[in-house]
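Student: Could you zoom in on one part of this model for me and take it slowly? I'd like to know what sits next to what.

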Amino acid sequence: MSKIKTNKKRQDDEEFIDSALRPTSWNDYIGQEKIKKALALILAAARKRKESADHLLFYGPAGLGKTTLANLAAKEMGANLKSATGTALQKLGDLAAVLSNLENGDVLFIDEAHRIPRAIEEILYPAMEARKLCLMVGKGLASRIVSIDLPAFTLIAATTRPSLLSNPLRSRFGGIFHFDYYDSGEIETIIKRSANLMGLNMDSGAILALAKASRFTPRTANRLLKRARDFSEVNNLETIDAGVIGKTLKFFEVDELGLETCERDFLKAIIVKFHNRPVGINVLTSFLGEERGTIEEIYEPYLMKIGFLQRTPQGRIATQEAYKHLNI
């Protein structure tokens, strides 16, 4: 029983830390300045007209702050935020229940919107445009369409795969924003802020080393910072320096550029097994035993960002920079 309580307390502590590290105000949100300026204009105009803001689409790699900015946008509007995920909206009744529970001025946030089935996605069209929930009642010749009025609301959808959204759905968003990777200076600022909130003593060398391994992504930076905290606590270290960061990364098999074992194996498969000839995604998924979505959504965006991978019409190939990094 005591072990269960200990594990529960540790989980609660982790959730509390994650919540504490998440920006709670517009000014606390670091990075994505162009998006913040455009959003501020849209939200201010909607407030001035005393209307709900246009529907918004956020897209980009995971961990770049789409969910956080959606929460802050709702807070700026003084609106209640109701959340759902694309994987949870697989049936007509799932989406109908969410839409019918909205109140005037609410913000509905749907994460991983590309996972909504096309048949269910079509229910969103009249909901977004005309604030109508159209349902088919009955079967066969006795079937009829029932239209239910919806209150004014703002839909904020987030996705890592915008190409999987249908054109009719994309065209119904009044603002479409691409979240790009952060630069090194922004990541360093985020690490400093998180370290202060966690009460950690870090020197500048540690911040630089951690920022370099953070994949230009705030979520990864905070995750690695928590592991460095664990390493320093277990070893009774009062200060986290570059050496502690290096040992932490080595312990968790993360290299200085943030590549994990699975990503290094991915590059080695292309270079060694397939002699760096263009390799199709289906061949790679079969050889590595990974899902296609994992490779396309997690591995490849960062590898292309740092110039280690190229996508060609014939398949994937590694660059000379990848050879040098892997000492091949």
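**The loop and the helices around it**

Tutor: Let's start at Arg 215, which is found in the loop between H8 and H9. Helices here are DSSP runs of H or I with at least four residues, numbered from the N terminus. Keep in mind that this is a predicted model, where local features need pLDDT of at least 70, side-chain atom pairs count only at pLDDT 80 or more, and totals for chains, interfaces and linings use all residues. Residues are numbered from 1 along each chain as its sequence is written, and side-chain values use heavy atoms, with hydrogens and water left out.

Now, the backbone. Most residues other than glycine have a negative phi. Arg 215 is not a glycine, yet its phi is positive, about 60°. Phe 216 lies in that loop between H8 and H9 too, and its phi is also positive, near 55°. As for accessibility, Arg 215 is buried, with a relative accessible area of 9%, while Phe 216 is partly exposed at 22%. Buried means under 20% relative accessible area, exposed means over 50%, and partly exposed is in between (1.4 Å probe, protein chains only).

Step back into H8 itself, residues 204-212. Its buried residues are Ala 206, Ile 207, Leu 210 and Ala 211. They span an arc of only 130° around the axis, so they sit on the same side of H8; that arc is taken from the directions from the helix axis to the C-beta atoms. Among the elements covering them are H7 (184-198), H9 (218-234) and H10 (242-251), going by contact, meaning heavy atoms within 4.5 Å.

Axes are lines fitted to C-alpha atoms, for helices over the stretch in contact, and the angles run from 0 to 180 degrees between N-to-C directions. On the H12 side you'll find Ile 281, Asn 282, Leu 284, Thr 285 and Leu 288, meeting Arg 292, Ile 295, Glu 296 and Glu 300 of H13. Sorted by class, the contact has four nonpolar, two polar and three charged residues. For that count, Ala, Val, Leu, Ile, Met, Phe, Trp, Tyr, Cys and Pro are nonpolar, Asp, Glu, Lys and Arg are charged, and the others, Gly among them, are polar.

H13 packs on H11 (residues 261-273) as well, at an angle of about 75° with the axes 11 Å apart. Here Cys 262, Glu 263, Phe 266 and Leu 267 from H11 meet Ile 295, Ile 298, Tyr 299, Glu 300 and Leu 303 from H13. This contact has seven nonpolar, no polar and two charged residues.

Finish on Glu 300, in H13. Glu 300 is buried, with a relative accessible area of 0%. Its side chain makes a polar contact of 2.6 Å with that of Arg 316 (N or O atoms within 3.5 Å, where one must be able to donate a hydrogen and the other to accept it; residues adjacent in sequence count only if both atoms are side-chain atoms). Leaving out residues up to four places away in sequence, Glu 300 also touches others, including Phe 266, Ile 281 and Arg 311.

Technical notes:
Helices (H or I, at least four residues) and strands (E, at least two) are DSSP runs, numbered from the N terminus.
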